[in-house]
Amino acid sequence: PDDFEFAERSGMDAVTCDYIYRPNHIPGESETGDTFYAGGTISSREDFEEKIDSPPASESIEKKVKRYAERRRNSNIGVIHTFTGILDPAYLSMGMEKFMLKLYDEPSLVVDMLDYFLKHTKQAIEIVCEYPEVDIVCINDDVCIGTGTIISLDMMKELWKPRVEELVKVPKEKGKILAYHSDGKVEPLIPWLIEMGFSAIHPVEPY
């Protein structure tokens, strides 16, 4: 069965369609054969400008959401469309240690990378939001760990918050429900998320 049929049979309210763009990963492999994230290949501005993996094509984004929209018209099951955000694709493409050092040694590179991911995610969101059948827009951006945000709240306010505000302009104009995903302790961000118009967070980690 397709995911709509599965949702109907299992009592789910919605299915998920996604836009995933987390480029330049270095994969690792465990002793059991499982693959995992082992780092990123972007180390310099030259790498970023010349070696960044291409984002999903507009045609493929539209083709996928159109298929979900057509299926949605004949179903009571909702559609949640998720989008990778702006901060975790940047640090994953570099590796956490290199990213953290660049925040201090070459902040202009970090800013340009965040703006790059903002541009491409915003373009994807604009395509998807043309479809009224998409009920919920979820920004999927791991910006927290178990103790709080991965960078200081001052940096989050400067680097993350205005770009998320830009990302959600079109979904808000189109009347979409907004949700935000981040692992970790998201409590410090909840007031900002409410201010920006988000209605839900995912997940809620017990610790």
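Residues are classed as buried when their relative accessible area is under 20%, as exposed when it is over 50%, and as partly exposed in between, with a 1.4 Å probe and protein chains only. The structure is a predicted model, in which local features need pLDDT of at least 70 and side-chain atom pairs count only at pLDDT 80 or more, while totals for chains, interfaces and linings use all residues. Residues are numbered from 1 along each chain as its sequence is written, and side-chain values use heavy atoms, with hydrogens and water left out.

By the burial criterion, helix H4 (residues 87-94) is mostly covered, with 8 of its 8 residues buried. These are Leu 87, Asp 88, Pro 89, Ala 90, Tyr 91, Leu 92, Ser 93 and Met 94. Gly 95, with a positive phi near 95°, follows H4. Helices (H or I, at least four residues) and strands (E, at least two) are DSSP runs numbered from the N terminus; the protein chain contains 9 helices and 9 strands.

Of the 207 residues in the protein chain, 46% are buried. The radius of gyration, taken over C-alpha atoms, is compared with a globule rule of 2.2 Å times the number of residues to the power 0.38. The value of 18 Å for the protein chain agrees with the radius near 17 Å that a compact globule of 207 residues would have. Along the principal axes, the C-alpha atoms fill a box of roughly 55 × 40 × 35 Å. Contacts are defined by heavy atoms within 4.5 Å. Among contacts in the protein chain with a separation of 6 or more, 76% are accounted for by residues 24 or more positions apart.

An open sheet is formed by 5 strands in the order S1-S4-S5-S8-S9, with parallel pairing. Strand S1 (14-19) and strand S9 (200-202) each have a single partner strand and stand at the edges, so one side of each lacks a neighbour in the sheet. Neighbouring strands of this sheet are turned by 25° against each other on average, direction ignored. Two strands are taken to pair if DSSP finds at least two bridges between them. S1 and S4 pair in the parallel sense over 6 bridges, and strand S4 (residues 78-84) pairs with strand S5 (residues 136-140) in the parallel sense over 5 bridges. His 81 of S4 is the bridge partner of Cys 17 and stands opposite Val 137 in S5. Ile 80 has Ile 136 in S5 as its bridge partner. Strand S4 is mostly covered, with 6 of its 7 residues buried.

Helix H1 (residues 3-10) lies across S1 and S4 and runs at about 145° to S1. Helix H6 (residues 107-128) packs on the sheet, where it touches S1, S4 and S5, and its direction makes about 165° with that of S4. Thr 121 is found in helix H6 and counts as buried because its relative accessibility is 1%. Residues up to four places away in sequence not counted, Thr 121 touches Tyr 19, Phe 83, Thr 84, Gly 85 and Leu 167.

Key. Axes fitted to C-alpha atoms, helices over the stretch in contact; angles between N-to-C directions.
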